[in-house]
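I opened the model today and kept notes as I went. The entries follow the order in which I looked things up.

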Amino acid sequence: MQRTVSKLSSAVSQRKNQASSLFWRSFSHSSSRNAFGIAFDIDGVLIRGNSPIGGSPQALNKLYHPEGSLKVPYCFLTNGGGVRESKRAIELSKLFGVGVSSSQVLHGHSPFKQLAHKFENDFVVAVGKGEPAAVMSEYGFKDVISIDDYTLCFDNIDPLAPQKKWTVNGSSEPSPELKKYVRSQKVQAVFVVSDSVDWSRDIQVLCDILRTGGLPGGEIGSQPPLYFAHDDLKYQGAFPTERFGIGAFRISLQSVFNSIHPHPLQYSAVGKPNPLAFKNAETTLRKLYNHMIANQDCGGISPFETLYMIGDNPSVDIKGAQEAGRPWFSILTRTGVFRGKENDQEYPADMVVDTVEDAVDFILDKENSS
Ligand SMILES: [Mg+2]
């Protein structure tokens, strides 16, 4: 597989260089043909760990013209994240040997961008692996701090810190000015952008923030808003069986919080299966499609006849596509969370295939013959 990927990467490296200029240029479908688009889940469909699976590089290459321009509007609709969409687009381009634009990348936390106007100048905390504060800054949040840096501003807030032998990437002892500022500001909202790296510290510090109305060490107050990028209990990583996701962290935080606060934890999760995530994907695909059509001078807006969601997790990808309704059509692969022979019992997909390449072949056959 590695050899195939390398060969493929080499073959398309030329077109990658051309991709940015050619990205919008050409679209093979005439406006008389039914419009369609594809949303791909990533983990368990296109990759496991950091390795491509299910013929994913070949599958994605089928969505481009030979010279590297996009033939079919598609996006990545993943609950993963923790990095900026622009950075992820570069990683995905290298991994699959195709030219991916940042506008094609929709993370679980991407809908937070729509909350930027509400909290634009408010002091907010961003939680999770990667670069959660940089993600939120790029969305337009002007006063955001990562939980790593936030925690360092309070002496002894994590009593287990002396037992922890690891170092936190990019964090250093905060300046006295920053400490003074952070200790005087009430946190107005908390955003869990990606997986918590240190559950014991984050549950402690988030309970401190949420139970006091935003300032650790104080009396009980009303809870500031809490947003999760998604609520997936589990996901398919590199290990043979599923790993715990943000949903498992949420359950733990909620259980502790509800034991120490008179009111139950209030929160919302914005990623799949929330229909909002599918609405965003539809908007993204429509913009891609319109650019393609406009640049072909076809004019007009063609509404999608079908939008395909290809995923591996019935309770996230399939449930979400079903709740989003038409024009979504769900395709379940057997390369991740779902491994059954038939269909999922609780959230049956419109179609079940072995791999993502099978799914793309089916879609292209169907659409080209319609
Ligand atoms: Mg998945």
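This is a predicted model: local features need pLDDT of at least 70, side-chain atom pairs count only at pLDDT 80 or more; totals for chains, interfaces and linings use all residues.

Residues are numbered from 1 along each chain as its sequence is written.

**Helix α3**

I used DSSP runs for helices (H or I, at least four residues) and strands (E, at least two), numbered from the N terminus. Next I checked the length of α3, residues 85-96. Its twelve residues should span 16 Å at 1.5 Å a residue, and its end C-alpha atoms are 16 Å apart, which agrees. The expected span is 1.5 Å times one less than the number of residues.

Which residues of α3 are buried? I found Glu85, Arg88, Leu92, Leu95 and Phe96. I call a residue buried if 20 or more other C-beta atoms lie within 10 Å of its own, exposed if 12 or fewer, and partly exposed in between, with C-beta atoms placed from the backbone. Seen down the axis of α3, the buried residues fall within an arc of 80°, so they line one face of the helix. That arc is taken from the directions from the helix axis to the C-beta atoms. The buried residues of α3 pack against β3 (51-52), α2 (56-61), β4 (74-77) and β5 (105-106). Contact here puts the C-beta atoms, placed from the backbone, within 7 Å.

**Helix α12**

I ran the length check on α12, residues 356-369. Its 14 residues reach 20 Å from first C-alpha to last, close to the 20 Å expected at 1.5 Å a residue. Buried in α12 are Val356, Asp358, Ala359, Val360 and Ile363. They pack against β1 (35-40), α2, β13 (304-311), β14 and β15 (351-353).

**The five-stranded sheet**

I then traced an open sheet. Its five strands run in the order β7-β6-β8-β9-β12, with parallel pairing. β7 (143-146) and β12 (268-269) are the edge strands, and each pairs on one side only. I counted two strands as paired if DSSP finds at least two bridges between them.

How many bridges join β6 to β8? Four bridges link β6 (residues 123-127) with β8 (residues 189-192), and the two strands run parallel. Val125 has Val190 of β8 as its bridge partner. On to β9: β8 pairs with β9 over three bridges, also in the parallel sense. There Val192 stands opposite Phe228.

I looked at both faces of β8. Ala189 and Phe191 are buried on one side, Val190 and Val192 on the other. In a regular strand the side chains alternate between the two faces of the sheet. Helix α8 (residues 199-211) lies across β6, β8 and β9 (226-228), at about 155° to β8. For that angle, axes are lines fitted to C-alpha atoms, for helices over the stretch in contact, and angles run from 0 to 180 degrees between N-to-C directions.

Val197 sits in the loop between β8 and α8. It is partly exposed, with 17 other C-beta atoms within 10 Å. The C-alpha atoms of Val197 and Lys129 are separated by 5.8 Å, although the two are 68 residues apart along the chain.

Not counting residues up to four places away in sequence, Phe40 touches Val45, Leu46, Tyr74, Phe76, Leu77 and Ile310.

Where are the cis peptide bonds I noted? One joins Lys272 and Pro273, with omega about 5°. Pro273 is in the loop between β12 and α10 (275-295). Another runs from Arg326 to Pro327, with omega near 10°. Pro327 lies in the loop between α11 (314-324) and β14 (328-333).

Asn156 has a positive phi of about 65°, although it is not a glycine. It lies in the loop between α6 (147-152) and α7 (176-184). Asn156 counts as exposed, with 7 C-beta neighbours inside 10 Å.

Notes: Two residues are in contact if their C-beta atoms, placed from the backbone, lie within 7 Å.
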